[in-house]
Structure formats: structure tokens, C-alpha cells
Amino acid sequence: IFTERGGLPLLLISLVLVDLLVDNNFTWERDGPDYSGSVAKREGIADGIESIPALGGVADGDAEKERSVVSSKLKKDPTPVPTFPPTPLPTEAFALDKSRTVWVWQGERRDHALKFMYKMLQQSIIEGVQGLGVRAVFMYTNYVVPPEAKPGDLGVWVGSCIFQHPLMLALKQKGIRTVLYQTEYMNYRSWHDTHGKANQASMCDKLPDWNKRYFDEIWDYGWGNIGEIKKCSATLPDVRYVPAGYLQNWPRHPDFTSANPNFKLIFFGSLAFDRAKCWEKVLEHPLAKANIANIYNIWDDRAFQGFVNDPAAQGVFLNFHKFCTYPRPPGNATRSLEPRMSQLMSTKVFIISERSHWKDEALYEGIVDFVEMHDVGKAFEKLYNLSVPERQALLDKRFELYKKRFNPSEILRRAKVHLLFQKKPVVLID
């Protein structure tokens with residue numbers, strides 16, 4: 001997710017770092033096809049909407065204990081846990097009101113790149129709502145209250161830094177429940193540092209745009225973020241865990257074949273935000289160094305489709321969190337997989353990620369390989385050494401699990417969003 005603020009300087013820094021660190025490593029930015037045209041001329045290119053600051057807190061007090069319980073269950077039972085059984089639709093006594101509509105808006109930059117960057121989020125919302133039997137309409141940047149909008153509808157705003165507060169207030173006045181879909185990292189230190197010391201009040205004060213005055217609830221993609229939002233309960237609305245889901249109509253990488261020897265370790269995004277430090281650590285592994293690539297020139301649907309169809313784009317995708325640090329600070333990991341990883345997972349790929357919040361890791365168990373940064377090369381080597389049939393079989397298994405567990409409608413049911421569409425709406429947020 002990206003911003004207008006400081007974008008071009010960050011891009012230039014990123015490109016310099018790539019040239020300094022990569023040596024002769026495989027990169028599309030420097031040596032291969034440019035899927036998006038003249039990247040250097042684009043405005044506001046960066047890997048985050050940087051008007052959002054953030055926090056470096058710790059995970060839940062008993063997180064390590066609960067993580068060990070999950071791990072012990074996994075060792076005893078080959079079935080990934082938790083299993084997330086489908087939530088039944090409401091019975092006739094709690095029938096859905098199919099006359100409801102979910103209206104979805106988003107912010108946008110001057111280069112209109114956010115429509116692509118947010119697409120996996122807005123499409124996941126729309127497909128999920130439609131799967132529940134409720135109408136959904138993507139309004140994009142048409143910032144007006146639709147004439148047919150009525151009390152009981154839902155108005156969802158995607159994005160955390162560009163807002164249309166008058167629209168949200170107008171929706172609330174009409175009896176429409178408003179939702180902020182929060183898209184940014186919250187748990188890194190600059191969120192609430194005051195002279196190097198954590199200051200929770202400072203963080204909460206930095207979020208007037210998310211205030212209860214404008215939004216009735218927040219949806220967030222990561223458990224690490226949710227823990228921080230809940231600390232601001234005096235000013236911010238309640239928050240639900242609503243990660244992006246599997247998308248049916250999405251580009252798919254071709255299957256692995258013996259005719260295609262390419263198997264790269266690919267980081268999709270900017271090496272700014274301290275990620276270059278972790279990139280450098282991965283380069284210490286010879287096999288990873290020989291096959292690593294950085295992709296940072298995809299800004300629209302056409303470029304993304306071309307990238308997915310490129311045989312040279314096959315392999316394992318790597319996730320570095322923003323402000324990646326090595327060695328990782330002691331204690332539990334607190335960060336979450338960014339929405340862009342869902343964008344990649346729906347194309348059917350392997351994912352290796354640095355450690356994340358234990359609740360996120362539990363949900364992605366059997367789908368994503370979570371490892372410490374110094375073990376990324378080993379995890380890549382394990383997949384690299386598989387035969388083509390073994391590799392394809394493992395990917396097929398992971399993708400089927402992803403499709404079932406991250407069905408957009410199931411995500412909304414687990415978050416109890418479907419209860420908002422009953423004839424007698426129920427607001428139930430854990």
C-alpha cells in the first residue's frame with residue numbers, strides 16, 4: 001500500500017540500495033522487462049501510505065504460551081489448526097435482509113495507482129458480501145450518497161490516510177453504518193515515540209481521521225494492528241479482524257513444468273523502510289543470493305497480468321515487514337502479513353515470511369512458511385530442491401487450503417459481519 005508523501009525520494013533510495021546490495025542478482029527493475037512503462041516518471045511511488053505513523057509494542061501477554069499450545073497441537077494432529085469450519089448462514093428466524101446494500105469507496109492518489117493497490121481489498125469485500133446474498137456496489141471515488149442508499153446499509157471506506165469525512169457524516173445521518181478498512185502498519189515505533197519512549201496517548205492522538213465521529217467500526221487485516229487500535233478505545237470505534245481473501249477472478253501463475261527451470265526468490269515491493277537490512281541478511285545464503293529478485297514496477301492491472309504470465313516470475317515470494325529489523329527484537333513477533341501478500345497468494349504462489357503475530361501465523365498455518373530472517377535461505381532451499389511434481393503437489397495443496405480458509409464470505413462470517421445484514425441487525429464484535 002502506497003502514498004503520495006515522500007514517494008519519489010523513497011523510490012530513488014530504494015533503487016540505489018538495490019544496486020548496492022544486489023550485485024549481479026536477478027532483478028526485473030534493472031535487467032528485465034518493465035511491465036509498467038516509465039516507472040521513474042510516476043509520482044508518489046512508495047510502499048506505504050506514510051502519513052500513518054506506527055508502534056513497536058509487544059504481543060499479548062500470554063502469546064508465547066498460546067503459540068506453543070498451537071504448535072503442540074500441530075505436531076500431534078496433521079490437520080492444520082485451527083480448522084475454521086464454515087459458519088452456517090442465519091436460519092429463517094434470523095433471515096438475511098437481502099434488500100441491504102454495501103457501498104464501497106476508497107481514497108485515490110494523483111496517479112490513480114491506489115485503485116490497483118486496494119483492488120484485492122475492495123474486491124474481497126464485494127465478493128464476500130455477494131456470497132452472503134447481499135448486494136454490493138463499488139463507488140470508487142464517486143463521493144456522493146447514492147439516492148437509493150437507505151438506513152441499514154453499510155458504507156465501507158478503504159484506506160487509512162485519504163478521507164472524505166463529509167461523505168461519512170452524510171451516510172451516518174442517513175442511518176448507514178460506516179466502516180473504515182484500515183490498510184496500514186500500526187505496530188512500529190514511530191507511531192507513538194516521544195523522545196524514544198513509548199507514549200500510547202500520542203499514538204491515539206495521531207488518529208483523529210479514524211474517530212468514532214466518522215466511523216462506527218474498523219476492519220483490519222492484522223492482529224498486531226488490532227491490539228494497538230483497541231488501546232485507543234476512548235476515541236476509536238470497535239475493530240474486527242477482516243483479512244483480504246481468496247479472489248476467484250484473479251490472474252494465476254502457470255503450473256511448474258520441467259520446461260521452465262526458473263525458480264526465483266522474489267520480493268514484491270520496495271526495499272525502503274529498512275527492508276534493505278533484511279534483504280542483505282538473506283543474501284548471506286548462496287542459493288538465495290543466486291536466485292533473488294526484487295520487483296517494484298507493477299502499478300496497474302495490465303502490468304500485474306504481464307508479470308504473472310512471465311515464466312521468469314515463478315518461484316517463492318518473500319515477505320519483509322515494514323521497518324524490518326535483524327536480529328528481531330526479543331519477545332513475540334507483533335506484525336502481520338500486509339494486504340499485498342493476499343494479492344500474491346490469489347495468484348497461487350509459495351510465500352516465505354519473516355515471523356508475524358502468532359494469531360496471524362495460526363490462520364496462515366499450512367499456507368505460508370513463517371521463519372526467522374536468518375532461516376529464509378534454508379526455507380527457500382528446501383522448496384528449491386523439490387522435484388517439479390513434488391513442488392507442484394505441495395503448491396496445489398497449499399492453494400486449496402488458502403481458497404477454503406480465506407473464502408471472502410467465510411472471512412465475513414468469522415468476523416460476524418453477516419449479523420449486520422439480518423432483518424434485526426446485531427452488532428457483535430469480539
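**A parallel sheet and its surroundings**

Strand β12 (residues 350–354) pairs with β13 in the parallel sense, over three bridges. Here, two strands count as paired if DSSP finds at least two bridges between them, while helices (H or I, at least four residues) and strands (E, at least two) are DSSP runs numbered from the N terminus. Within this pairing, S353 stands opposite F370 of β13. The model is a predicted one, in which local features need pLDDT of at least 70 and side-chain atom pairs count only at pLDDT 80 or more, whereas totals for chains, interfaces and linings use all residues. Residues are numbered from 1 along each chain as its sequence is written, and side-chain values use heavy atoms, with hydrogens and water left out.

The pair belongs to an open sheet of five strands, joined by parallel pairing in the order β10-β9-β11-β12-β13. Because β10 (292–295) and β13 (369–371) stand at the edges with a single partner strand each, one side of each has no neighbour in the sheet. From one strand to the next, the twist averages 30°; axes are lines fitted to C-alpha atoms, for helices over the stretch in contact, and angles run from 0 to 180 degrees between N-to-C directions.

Next comes helix α11 (residues 301–309), whose buried residues are A303, F304, F307 and V308. Buried means under 20% relative accessible area, exposed over 50%, and partly exposed in between (1.4 Å probe, protein chains only). These residues cover an arc of only 135° around the axis, so they lie on the same side of α11; the arc is that of the directions from the helix axis to the C-beta atoms. Their cover includes the sheet strands β9, β10 and β11 (315–319), along with helices α4 (114–117) and α12 (339–345).

The loop between β9 (264–268) and α9 (275–282) holds S270, which counts as buried because its relative accessibility is 1%. A polar atom of the S270 side chain lies 2.9 Å from the backbone nitrogen of A272.

Taken as a whole, the protein has 16 helices and 13 strands, and 56% of its 430 residues count as buried. Among contacts (heavy atoms within 4.5 Å) between residues at least 6 apart in sequence, 77% join residues at least 24 apart.

Conventions: A polar contact is a pair of N or O atoms within 3.5 Å; within protein, one must be able to donate a hydrogen and the other to accept it, and residues adjacent in sequence count only if both atoms are side-chain atoms.
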